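I opened this notebook page to record what I looked up in one structure. The entries follow the order in which I consulted the model.

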Amino acid sequence: MNLSNFYYNLPERSAPKSDFIRKVARRCNVGEPTVRMWVKGKCKPSMSEHMKVLSEETGININDLF
């Protein structure tokens with residue numbers, strides 16, 4: 001599983017996807033559009049701290065995120 005798969009498997013009918021984006025953006029001190037680009041696979045975080053946050057929030061190994 002990678003970051004995109006994790007995000008797209010969150011439930012549709014509630015707010016977990018929005019909550020996930022908001023929480024990661026806050027923890028990484030970046031905008032929500034940036035996190036959305038990450039989960040869509042259009043770009044990757046350039047900072048290792050951001051990769052660590054994504055790994056912690058998803059339970060996905062850093063090497064498997066993208």
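**Entry 1, basis.** I noted that this is a predicted model, in which local features need pLDDT of at least 70 and side-chain atom pairs count only at pLDDT 80 or more, while totals for chains, interfaces and linings use all residues. Residues are numbered from 1 along each chain as its sequence is written, and side-chain values use heavy atoms, with hydrogens and water left out.

I located Phe6 in helix H1, residues 3-8; helices are DSSP runs of H or I with at least four residues, numbered from the N terminus. Is Phe6 buried or exposed? Phe6 counts as buried because its relative accessibility is 17%; buried means under 20% relative accessible area with a 1.4 Å probe, protein chains only. I then listed its contacts (heavy atoms within 4.5 Å). Leaving aside neighbours within four places in sequence, Phe6 is in contact with Met1, Phe20, Glu57, Thr58 and Ile60. I also recorded 13 Å between the C-alpha atoms of Phe6 and Glu56, which lie 50 residues apart along the chain.

Of its 17 residues, Leu3, Phe20, Val24, Trp38 and Leu54 touch the most other members. At least two residues each come from H1, H2 (16-28), H3 (32-39) and H4 (48-58). H2 gives the largest share, five residues. For Trp38 I noted contacts, beyond four places in sequence, that include Leu3, Val24, Cys28, Pro45, Leu54 and Phe66.

I recorded on the H2 side Phe20, Ile21, Arg22, Val24, Ala25 and Cys28, which meet Glu32, Val35, Arg36, Trp38 and Val39 of H3. The residues of this contact divide into eight nonpolar, no polar and three charged.

Which residues of H4 are buried? I found His50, Met51, Val53, Leu54, Ser55 and Thr58. These buried residues pack against H1, H2 and H3. Just after H4, I noted that Gly59 takes a positive phi of about 80°.

Definitions and conventions: Buried means under 20% relative accessible area, exposed over 50%, partly exposed in between (1.4 Å probe, protein chains only). A nonpolar core is a set of buried Ala, Val, Leu, Ile, Met, Phe, Trp, Tyr and Cys residues joined through side-chain atoms within 4.5 Å. Ala, Val, Leu, Ile, Met, Phe, Trp, Tyr, Cys and Pro count as nonpolar, Asp, Glu, Lys and Arg as charged, and the others, Gly among them, as polar.
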